[in-house]
Amino acid sequence: MWNVALLMVGLLIYSGSGGAVAEPQPSAGMSPTPIIHAASDVGQAQTSDNFTESYRTLNGISLTDNKRDVIRKLGAPAQIEHEELTGMTKLDYKDLEVGVRNGYTEYVHVKPSAASFQVEDQRIGMTTNQIRASLGKPYFKAEDGDVYLEDHHALKVFIDRNSGEITGIDLFFDYSQ
């Protein structure tokens with residue numbers, strides 16, 4: 001019975017339900033456990049005078065814009081689609097899509113058909129060279145594109161890694177920071 005009680009206390013402490021857990025110490029002849037840092041520990045994207053440092057608007061739309069703001073800025077969309085399951089309303093424009101949920105912008109997506117896009121006041125061509133020249137080094141490279149972060153705003157440049165072609169640009173909130 002005593003062994004069961006000790007086992008239960010150990011499990012409670014280990015699961016975080018009580019008590020403090022000591023940092024594991026390496027045994028003789030063993031190297032210490034490696035520390036893995038999350039992407040947010042790595043640092044922000046490289047910046048200089050030539051690089052855009054803020055990602056608050058994409059093609060003039062910010063994530064704080066409501067549906068009326070988007071329509072006032074861009075005009076009537078070519079199509080409006082409502083997804084019942086997610087509660088997302090998609091406002092479809094020629095080279096742009098804006099996702100609205102609960103009345104506010106959830107994401108802005110520039111389609112690959114666009115010749116260029118605008119981040120803040122800077123117009124950028126839709127090639128990887130032009131994007132890197134304007135935005136600098138990405139915060140990190142994902143399997144499907146490059147990610148730039150700034151103050152809970154994420155700008156993702158989707159890239160076909162085989163062809164190098166841009167398949168879209170998205171602006172959305174980064175909830176991981």
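Predicted model: local features only at pLDDT ≥ 70, side-chain atom pairs only at ≥ 80, totals over all residues.
A residue counts as buried when its relative accessible area is under 20%, and by that criterion seven of the seven residues of strand S11 are buried, so that this strand is mostly covered.

**Strand S11 and its partners**
- His153, Leu155, Val157 and Ile159 point one way from S11, while Ala154, Lys156 and Phe158 point the other way, and all of them are buried.
- Strand S10 (residues 145-150) runs antiparallel to S11 and is joined to it by six bridges, one of which pairs Leu149 with Ala154.
- Two residues lie between S10 and S11 in their hairpin, where Asp151 takes a positive phi near 45°.
- S11 also pairs with S12 in the antiparallel sense, over seven bridges, and Phe158 has Gly168 in S12 as its bridge partner.
- The hairpin of S11 and S12 has six residues between the strands, and Gly164 there takes a positive phi near 80°.

**The largest nonpolar core**
- This core holds 26 residues, of which Leu58, Val110, Phe117, Ile131, Leu155 and Ile169 touch the most other members.
- Strands S5, S6, S7, S11 and S12, together with helix H3, each supply at least two residues of the core.
- Beyond its neighbours within four places in sequence, Val110 is in contact with several residues, including Leu58, Phe117, Met126 and Ile169.

- Asn66 caps the N-terminal end of helix H2 (residues 67-74), with a side-chain oxygen 3.0 Å from the backbone nitrogen of Arg68, and Gly75, which follows H2, has a positive phi near 90°.
- Strands S3 (residues 79-83) and S4 (residues 88-92) run antiparallel and are joined by five bridges, with Glu81 partnered by Lys90.
- Four residues separate S3 and S4 in their hairpin, and Gly87 in the turn has a positive phi of about 75°.

Notes. Residues numbered from 1 in each chain as written. Heavy atoms only, no water. Polar contact = N/O pair within 3.5 Å; in protein donor to acceptor, adjacent residues only side chain to side chain. Pairing = 2+ DSSP bridges. Core = buried A, V, L, I, M, F, W, Y, C linked by side-chain atoms within 4.5 Å. Buried < 20%, exposed > 50% of the residue type's maximum accessible area, 1.4 Å probe, protein only. Contact = heavy atoms within 4.5 Å.
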